[in-house]
Amino acid sequence: MKRKNLYESNTNKKRYNELYNALYSSLCVFSNQYLENLEKSKDIVQEVFIKMWNHEILSQDQDAIKAYLYTSVRNKSLDYLKSKEYKVKSTEVDIALLESEDYFEKEVLIEEVSRLVDQALNVLPLKCREIVELSMRGHQNNQIAEELQISINTVKSQKKIAYKKLRPLLKGCYAVFLAYLLC
């Protein structure tokens with residue numbers, strides 16, 4: 001019986017670490033959309049992960065856990081905005097807007113798509129990734145070539161390679177985005 005508990009404990013710890021590593025940054029950015037205070041956002045996300053660990057919520061499927069994390073971070077962020085501590089430190093915000101489901105769904109979608117894009121970009125070789133990131137920031141091919149001190153043809157060929165590799169990795173983003181638009 002002890003072996004089973006030890007095994008379950010190690011499995012839960014591994015799953016917790018995987019979730020933490022995969023979602024911590026996105027959840028911090030998500031909370032910061034509400035609070036505009038990154039340090040407080042980090043504190044809130046830490047609290048949510050600790051609560052998740054203490055309540056052993058890891059037995060649920062990954063989508064349910066993700067939904068739990070985003071909802072918990074939103075609720076904790078809103079609770080902070082309603083707190084006396086926040087009201088003393090800042091000006092008023094439109095709590096009704098921040099509490100709306102539309103705002104919540106939009107912010108979750110943005111964070112999930114951003115996380116998926118970041119994961120896909122990390123698969124690319126360094127130079128290729130740099131070129132795509134500069135392109136995503138609005139740089140033209142000639143600006144990218146100049147900044148990275150490479151030829152325009154190299155920029156074009158690297159972008160072509162990158163997009164070919166990214167297309168299958170980002171299919172999930174298209175589905176998520178289309179589902180949001182159709183709702």
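1. Aromatic cluster. Tyr 16, Tyr 20, Tyr 24, Phe 49 and Trp 53 make up one aromatic cluster. The model is predicted, so local features need pLDDT of at least 70 and side-chain atom pairs count only at pLDDT 80 or more, while totals for chains, interfaces and linings use all residues. Residues are numbered from 1 along each chain as its sequence is written, and side-chain values use heavy atoms, with hydrogens and water left out.

2. Aromatic pairs. There are seven aromatic pairs in the structure. Rings of Phe, Tyr and Trp (its six-membered ring) pair if their centres lie within 6.5 Å; planes under 30 degrees apart count as stacked, over 60 as edge-to-face and the rest as tilted. Tyr 20 and Tyr 24 form a stacked pair, at 4.9 Å centre to centre and 25° between the planes. Both residues lie in helix H1, four residues apart, about one turn of the helix. Helices (H or I, at least four residues) are DSSP runs, numbered from the N terminus. Tyr 20 is partly exposed, with a relative accessible area of 22%, whereas Tyr 24 is buried, at 16%. Buried means under 20% relative accessible area, exposed over 50%, and partly exposed in between (1.4 Å probe, protein chains only).

3. A further pair in H1. Phe 30 and Tyr 34 are also four residues apart in helix H1, about one turn of the helix. Their ring centres are 5.5 Å apart and their planes stand at 75°, so the pair is edge-to-face. Phe 30 is buried, at 0% relative accessibility; Tyr 34 is buried too, with a relative accessible area of 3%.

4. Second largest pocket. Helix H1 (2–35) and helix H6 (101–121) each supply at least two residues of its lining. A pocket is an open set of points on a 1 Å grid over the protein atoms alone, where a 1.4 Å probe fits, with protein on both sides within 12 Å along at least five of seven lines; lining residues have an atom within 4 Å of a point. Among the lining residues are Asn 21, Ser 25, Glu 111, Arg 115 and Asp 118.

5. Helix H7 (residues 126–136). Cys 128, Arg 129, Ile 131, Val 132, Leu 134 and Ser 135 are buried in H7. The cover over these buried residues includes H6, helix H8 (141–148) and helix H9 (152–169), where contact means heavy atoms within 4.5 Å. Just after H7, Gly 138 has a positive phi of about 95°.
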